[in-house]
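Keep the viewer open while you read.

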Amino acid sequence: MTIKSNAPGRINLIGEHTDYNQGWVLPVAIDLSLSVNLTLRPGRICVATASGFPVSQTFSIDNLQPVQGKPLWIDYLKAVCWALEKNGFWLSGANILINSEIPIGAGLSSSAALELAFAGALNEALNLSIDPQRLALICQQAENEYVGVRCGIMDQFAIALGRADQALLLDCLSLSYTFIPFKLNHATLLIADSKVKRILGASDYNRRRTECEDAVELIGNYLGRKFLSLREISLEDIIKVKDYLPKLLYQRSRYVVEENARVLAAAVALKENDLVSFGYLLKRSHAGLRDLYDVSCPELDLIVDTVAADQEVFGARMTGAGFGGCAIILLQQAAVDRIKAGIDQAFTMHGWACPGYHLTTAAGGLTVESD
Ligand code: GLA
């Protein structure tokens, strides 16, 4: 029996670096995906082949050691096996064939898609009966504890639970979620890939997380209260402690608290189909990521700046962890070619290679079939 699973990439509409601060996020699964074909094999050896990578990789489920340093693609499969077994599931070996159309390191969650597609295939092949939400949590644990990236839950959740034509409003504290229709009529969502490669294993992402934790502790000390996360802290509190907090931590925490408010406002705007207000919030989000959270880069800023004042653009921002990767542009369909040409021209003037583009829709989440 062959199991075929398919996991999409994701973009985040708004709510960046809020998930690990127990805040809100608003991602959609996209129409670029990764597939895994899996057959079980006797014993505890996995043999995996990935399109675009010349050499097959083999590992034993009995010999898994968390990654030190930069992860390779095979480490995400090992991580999933490790986390499933840590959660009490007994695995068997497998032959695994991976095909992906999600660009690697572009901030579209190719690694979470790989985790979910593989975990989903094992779930089906071995009748583990794990529901999608738990599967997402196990894959997050795989990435946190085995790969060593302290990511939040957004990517795995959006990939496991995404629905076509819907955006997912997720409360990362309670894990409660609702879907908001994401049908844009004459508007469309353009992904512009800066082609600046982002290595999430890099320490910058984890450092942001530590900075937020430090800010929570210091703000609590100063106010004489115990906070568990930035979710519990108001903008008034942050303004109160401004002179006491190191400037960097003030900036980080101010960004997160403001971004949480933007997500909730954006969800309302989307429900009301008010793309003008929605687009304005995207622009404010980018400004915060650039000026306060410091995770943008000149290429992403150039994409956003080039389109910012255009009459046919509602809004644009970087999406995902940042430090490179993609921007999203919400714009009128009729303007797509003109906007791409404008960005290309700006990049050419800087002597930079032009971005890659992809028009996307909100797609469905993980699917698994057997034959
Ligand atoms: C990465 C992480 C997510 C989230 C985003 C930033 O995609 O995997 O958990 O933190 O960055 O919003």
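At what angle do helix α2 and helix α4 pack, and how far apart are their axes? Before the answer, one caveat: this is a predicted model.

## Two helices crossing

Helix α2 covers residues 110–125 and helix α4 covers residues 154–161; they pack at an angle of about 50°, with 9 Å between their axes. Angles under 35 degrees would count as roughly parallel and 65 to 115 as roughly perpendicular, so α2 and α4 come out as oblique to each other. If you care about handedness, the crossing of α2 and α4 is right-handed.

Which residues make the contact? On the α2 side, look for A112, A113, E115 and L116. On the α4 side, they are D155, Q156, I159 and A160. Sort the residues of this α2–α4 contact by type and you get five nonpolar, one polar and two charged.

## Strand β1 and its two partners

Now go to strand β1, residues 3–14. Of its 12 residues, 10 are buried, so β1 is largely enclosed by the rest of the structure. Buried here means under 20% relative accessible area.

Which strands are joined to β1? One is strand β2 (residues 24–40), which runs antiparallel to β1 and is joined to it by 10 bridges. To find your place in that pairing, pick A7, which sits opposite L34 in β2. Another is strand β12 (residues 367–370), also antiparallel to β1 and joined to it by four bridges. Here N6 is a handy landmark, with T367 of β12 as its bridge partner.

## A four-stranded open sheet

Elsewhere, four strands form an open sheet in the order β9-β10-β8-β11, and the pairing is antiparallel.

Zoom in on strand β8 (residues 187–193) and strand β10 (residues 326–332): they run antiparallel, and seven bridges join them.

What lies across β8, β9, β10 and β11? That's helix α10, residues 336–350. Relative to β10, helix α10 runs at about 140°.

Notes. Residues are numbered from 1 along each chain as its sequence is written. This is a predicted model: local features need pLDDT of at least 70, side-chain atom pairs count only at pLDDT 80 or more; totals for chains, interfaces and linings use all residues. Side-chain values use heavy atoms; hydrogens and water are left out. Buried means under 20% relative accessible area, exposed over 50%, partly exposed in between (1.4 Å probe, protein chains only). Two strands pair if DSSP finds at least two bridges between them. Axes are lines fitted to C-alpha atoms, for helices over the stretch in contact, and angles run from 0 to 180 degrees between N-to-C directions. Angles under 35 degrees count as roughly parallel, over 145 as roughly antiparallel, 65 to 115 as roughly perpendicular and the rest as oblique. A crossing is left-handed if the near helix is turned anticlockwise from the far one by less than a right angle, and right-handed if clockwise. Contact means heavy atoms within 4.5 Å. Ala, Val, Leu, Ile, Met, Phe, Trp, Tyr, Cys and Pro count as nonpolar, Asp, Glu, Lys and Arg as charged, and the others, Gly among them, as polar.
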